Amino acid sequence: TNTPAPTSTTTPTPTYTLSNTPTKIHTSSNTPTETPTVTYTPSKTSISTLTTTYTPFNTPTTPNTLTPLEQALEHAWNFSGTNEDWMTLYPGGFVQEFDGVDMVLVPKGCFRMGNDPLGYYWNGYDHVLGVPDGGNICAEQPFWIDKYEVQQIDFQVLNGTQNSSPNYLGEERPIENITWSEAWDFCKKRNGKLPTEAQWEYAARGPDNLFFPWGNDWNGENIIWNRSRIQGTANVGSILSGISWIGAVDMIGNVWEWTSSLAITYPYNSEDGREKIGSHDDIYILRGSSWFSSVLEWQRATSRLRWGGYALSTGFRCARDMDA
């Protein structure tokens, strides 16, 4: 008698098909009695654990942030606000050093030049009450202007030349006794120029058309004026309470400041020949009054003085255009 061989029970081994990116474990129709342990390495990382690092096309590897200078220039090119708006952005002004000299940034904008019925200016030898209206003038692009009047140490270090030495010597005192052409030549050495009469007044008054750099109310403690010949000039920046909206100091008082503008009457027009490069013998406009002045009305930001040659009270500050 043949005894039949015992019948064996075989547990099927499931077959798994893995997609490139599995989203779940597939279970065969015949469930094994034991859950197999499957070890595999997928051809791609599961989406659920994917961490992607990439460099976008044509994007610089450095962070896309502006430097303080780039940000200030962007603000200056797009500025359309008030004095207070700029002072809020840059209390004390945005300062940049050129050739070792601090300059402050002046944003583009418009103001009403002159237009000060309470003002006073010296038209040659005639004292004229009421500053004429120079018209609505706009700075079409930002520019730089010296934070301080040019002081004697900077004039020496940067090889400035003048025929008549200052009467009041001191490294931090302003250059004075200087002619227009000597001041012009020094600014050119610094890749700059003398400010136009309009640039000077805009830097002093701003879009708010202030009577004084600090506001519309007179305060004789804010400037260096009405001093004796023994006292003379003071160190630049010695009185900070009279600072202007863009951070320029001593724009009124200490020394009269040369501008590039020939002494031509208002209305102001930069295209009428007043901004041509002249000579030492021409008559130019001085701005800002001086230590020697005791006339109250001369201390206003609208006051202008026609002058040729030089004097104990003639100094200057330089400006710098954007294309420089």
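Which residues of helix α4 (residues 180-189) are buried? The legends below take up this and related views of a predicted model, in which local features need pLDDT of at least 70 and side-chain atom pairs count only at pLDDT 80 or more, while totals for chains, interfaces and linings use all residues. Residues are numbered from 1 along each chain as its sequence is written, and side-chain values use heavy atoms, with hydrogens and water left out.

**View 1. The buried residues of helix α4 and the elements against which they pack.** Trp 180, Glu 182, Ala 183, Trp 184, Phe 186 and Cys 187 are the buried residues of helix α4, where buried means under 20% relative accessible area, exposed over 50% and partly exposed in between, with a 1.4 Å probe and protein chains only. These residues pack against α3 (152-157), β6 (256-262) and β7 (284-287), contact being taken as heavy atoms within 4.5 Å. Helices (H or I, at least four residues) and strands (E, at least two) are DSSP runs, numbered from the N terminus. Asn 191, which follows α4, has a positive phi near 60°.

**View 2. The disulfide between Cys 187 and Cys 318.** A disulfide is a pair of cysteine sulfur atoms within 2.5 Å, and in this pair the S to S distance is 2.0 Å. Because the torsion about the S-S bond of Cys 187 and Cys 318 is about -90°, the disulfide is left-handed. The pair links distant parts of the chain, with Cys 187 in helix α4 and Cys 318 in the loop between β9 (314-315) and β10 (319-321), 131 residues apart. Both Cys 187 and Cys 318 are buried.

**View 3. The disulfide between Cys 110 and Cys 138.** The sulfur atoms of Cys 110 and Cys 138 lie 1.9 Å apart, and the torsion about their S-S bond is about 100°, so this disulfide is right-handed. Cys 110 lies in strand β3 (residues 109-123) and Cys 138 in strand β4 (residues 126-139), so the pair ties together parts that are 28 residues apart in sequence. Cys 110 is partly exposed at 34% relative accessibility, and Cys 138 is partly exposed with a relative accessible area of 32%.

**View 4. The hairpin of strands β1 and β2.** Strand β1 (residues 95-98) and strand β2 (residues 101-106) run antiparallel and are joined by four bridges; two strands pair if DSSP finds at least two bridges between them. Phe 98 stands opposite Val 101 in β2. Two residues lie between the strands of this hairpin, in which Asp 99 takes a positive phi near 55°.
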